[in-house]
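Look over the sequence and the model, then read on.

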Amino acid sequence: MHNKHYKGKVQPIELIEAQDLNFNRGNIIKYVSRAGKKEGEDEIKDLEKALYYLEREMKRIKENVIFVK
C-alpha cells in the first residue's frame with residue numbers, strides 16, 4: 001500500500017524494514033518523509049514529531065552507554 005503523501009521511489013516502511021530500524025528511528029524516517037506532504041498535517045508539526053523521536057533515541061543511547069560502562 002502506497003500513501004499519496006510518501007512521494008519517493010521507496011516507501012518509508014520499506015526503508016525502515018530494510019534497515020531494521022527500531023521504533024524511534026522508524027518514526028523519524030516516517031515523519032521527515034511526509035513533512036509538508038500529508039493533507040491536513042502541518043509540516044512543522046511533522047518535523048517536531050521527528051525531533052521528538054530523535055531526542056528519545058539519543059536519550060536511550062546515552063542512558064544505555066552510562067549503564068554499560
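Buried means under 20% relative accessible area, exposed means over 50%, and partly exposed lies in between (1.4 Å probe, protein chains only). Arg-34 is buried, at a relative accessible area of 7%. Its place in the chain is helix H2, residues 23-34. The side chain of Arg-34 also makes a polar contact with the side chain of Asp-46, at 3.1 Å. Such a contact is a pair of N or O atoms within 3.5 Å; within protein, one must be able to donate a hydrogen and the other to accept it, and residues adjacent in sequence count only if both atoms are side-chain atoms.

This is a predicted model: local features need pLDDT of at least 70, side-chain atom pairs count only at pLDDT 80 or more, and totals for chains, interfaces and linings use all residues. Residues are numbered from 1 along each chain as its sequence is written, and side-chain values use heavy atoms, without hydrogens and water.

Now the whole chain. The protein chain has three helices and zero strands. From the N terminus, the order is α-α-α. Helices (H or I, at least four residues) and strands (E, at least two) are DSSP runs, numbered from the N terminus. Of the 69 residues, 23% count as buried. The accessible surface comes to about 5600 Å², and 55% of it belongs to carbon and sulfur atoms. Areas come from the Shrake-Rupley method with a 1.4 Å probe; for residues, only the protein chains shown count as cover.

| Residue | Helix |
|---|---|
| Arg-34 | H2 (residues 23-34) |
| Ile-44 | H3 (residues 43-68) |
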